[in-house]
Amino acid sequence: MEKKKFYITTPIYYPSDKLHIGHTYCTVATDAMARYKRLAGYDVMFLTGTDEHGQKIEDKAKEAGVTPQQFVDRIVDGPQGVRDLWKLMNISNDRFIRTTDDYHVSAIQKIFRKMHDNGDIYKGTYKGKYCKPCESFWTESQLVDGKCPDCGREVQDAEEEAYFFRLSKYADRVRDLLENTDFLQPRSRVNEMVKNFIDPGLEDLCVSRTSFTWGIPVDFDPGHVVYVWVDALFNYTTALGFLNDKYDDYDHYWPADYHFVGKEIVRFHSIIWPAMLMSMGMPLPKHVFGHGWLLLDGGKMSKSKGNVVDPYILAEKFGVDALRFFLMRTFPFGSDGNFSNELLIQTINTDLANDLGNLVSRTTAMAGKYFGGTLPEGCKTWTAPEDCDQSLIAMASGLRDAYEAQMESCAPHNALAEVFKVIQRANKYIDETAPWSLARDMEANGARLAHVLYNLLEATRICGILLSPFMPESMDKLFAQIGAPADARTWESAALWGALPETVTVTKGENLFPRIDMDKAIEELEAAAESARKAALPDIEVEPQLTEKVDFDTFCKSDFRAVKVKACEAVKKSAKLLKFTLDDGTGVDRQILSGIHAWYEPEDLIGKTLIAIVNLPPRKMMGLESNGMLISAVHTEKGEEALHLIMVDDAIPAGAKLC
């Protein structure tokens, strides 16, 4: 019998030079769904990749002094790039597309030409607002406080010759798709799209650019490049071989079952994407699911806002599986979630260390202590089952169906909640049956004790199967500890009570999820984040030069003189100020105060020849008069301000004028 097919995608990511936990969120969710479907026996295709064209990439490459191709190659395939992150997070994608791949480029050119030839793309002039970070065109009425409604950043005026897609032509069909089918999920997203974009009237979409060159060329009109969102959206089909010879899976997998996307790009996937597919006469994907954002301090994570959370640091500290679990367990997939390190640690401690970890360690320890690690024959059944036995067995036996219903509804957080109901019930079962009490009289209670431990192992096995899409490596360790053979780790066996052999042998292994010291972990995370922040800074940063011009006569009014340090001491009650007694060549000592104690000790400066501007009006600091200012150079080094007094050759006499 042929397997059912399931095609799922994440959006292809713009190759940012700093990936954060928000990028990871969507891809981990997609991976968990793909692993679940494989577990359930489906023929799965899971696609991800990188969206590598557009003006912002061209600009960033120019800033970095490299070509756009070199820039994206480094970000995608370099250390801690996109592929490295997906490998770290144990992402099981079947295919990875880059929009700079030759086969994709040629296919997009054919697609653009076909929509042009059927009359849905025409030439005109674009004049309006453009958000470069989002690669989005906006009308004046769509802006929020004059800024991009998606990211809240400044937009720029744009006017250029361009091709347009007749999006307005498909407005009624797209409205019907949104309002009368389950194409877009969750349902709240439908209301947003219809109210904000369909009801005001869909305008034709600018689909080519002439103001930059980093994009797929329009092959029949040199100087135009294809709008990045046309390029990006069709990746879901070109990666299967549509209009190219690279792959031959299009007829097998298309249409996609699910596109998982962040809510900020739902407009592109639920309005523009289906309209272009309609223009091409292609089947529409079955579902687009727009998930929420991970928020930090009340706002969306963003490198430009400086509030990213580094998945490398979190994975190294807590483990990849614990991080994957936290993302899927804690936040309802369709809604925004407030991320914090405290919440991460609390979730690991409560669910993984206390509930699951304790269940596994206590059960295997008792099996080892009371039966030498191998349960006796006859332990599966008990002649007089108690209410607690029946309750646990009923919950565990029905778990797969409850879990499946939640996963099919794209509610991984609810699926995990169902699993943890059984885990918590199993822990309660330990307290109810009190195996340690039964063990006091093995002759009378040994068979009952063996049955109790079998029930605990069997409930753990079923939970482990259903947790494996979320924590694959940890569940392999769990299965090894509870002695579950390969045929007791399958989807089919998750619905069967009693799949573990009676004479199962357990192995007391390492603690799967050690409890974390919250205060210590937070302190270490903050130190690691600060270290990573400084490491990412340029070695030296200098203040930009002033653009305002100063006329020569004004400059000549400043009197710069060489001065010799006769005495120097710290100013009492000030952490910053040093008091200098200076020989300025006039025969009268000059006193200047300078806030440089963070960089210099007073005794190190005595006898040095410095530069001072001496014709500033005097001013009071800490009750002391300062007559002039010492000249220094300031820059930023690894995020820390550095200051250097300008020191000159001691052969220069006090009072010598700089000119």
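**Notebook: cores, sheets and a helix pair**

I started with the largest nonpolar core, which has 106 residues, and found that F260 and L356 have the most contacts inside it. For my own reference, a nonpolar core is a set of buried Ala, Val, Leu, Ile, Met, Phe, Trp, Tyr and Cys residues joined through side-chain atoms within 4.5 Å. Buried is under 20% relative accessible area, exposed over 50% and partly exposed in between (1.4 Å probe, protein chains only). Helix α19 (residues 442-467) gives this core its largest share, 13 residues. Helices (H or I, at least four residues) and strands (E, at least two) are DSSP runs, numbered from the N terminus.

A note on the source: this is a predicted model, where local features need pLDDT of at least 70 and side-chain atom pairs count only at pLDDT 80 or more, while totals for chains, interfaces and linings use all residues. Residues are numbered from 1 along each chain as its sequence is written, and side-chain values use heavy atoms, with hydrogens and water left out.

Next I looked up L356. Setting aside neighbours within four places in sequence, L356 touches D351, F420, I423, L467, M471, M475, L478 and F513 (contact means heavy atoms within 4.5 Å). I also noted a second, separate core of 76 residues, with C134, V228, W254 and M280 among its members.

Then the helix pair. The axes of α2 (residues 55-64) and α3 (residues 68-77) come within 8 Å and cross at roughly 95 degrees. Axes here are lines fitted to C-alpha atoms, for helices over the stretch in contact, with angles from 0 to 180 degrees between N-to-C directions. Roughly perpendicular covers 65 to 115 degrees, and α2 and α3 are therefore roughly perpendicular to each other. On the α2 side I found I57, E58, K60 and A61, which meet P68, F71 and V72 of α3.

On to an open sheet: four strands, ordered β5-β4-β6-β8, with antiparallel pairing. Strands pair if DSSP finds at least two bridges between them. The edges are β5 (136-138) and β8 (205-206), each pairing on one side only. Three bridges join β4 (residues 121-131) to β5, and C131 sits opposite S136.

Last, I checked β20 (residues 609-613), where five of five residues are buried. T609, I611 and I613 lie on one side, L610 and A612 on the other. That reminded me that side chains in a regular strand alternate between the two faces of the sheet. β20 pairs antiparallel with β17 (residues 560-570) over five bridges, with V563 opposite L610. The pairing of β20 with β23 (residues 629-630) is also antiparallel, over two bridges, and I613 has M629 as its bridge partner.

How values were computed
Parallel < 35°, antiparallel > 145°, perpendicular 65-115°, else oblique.
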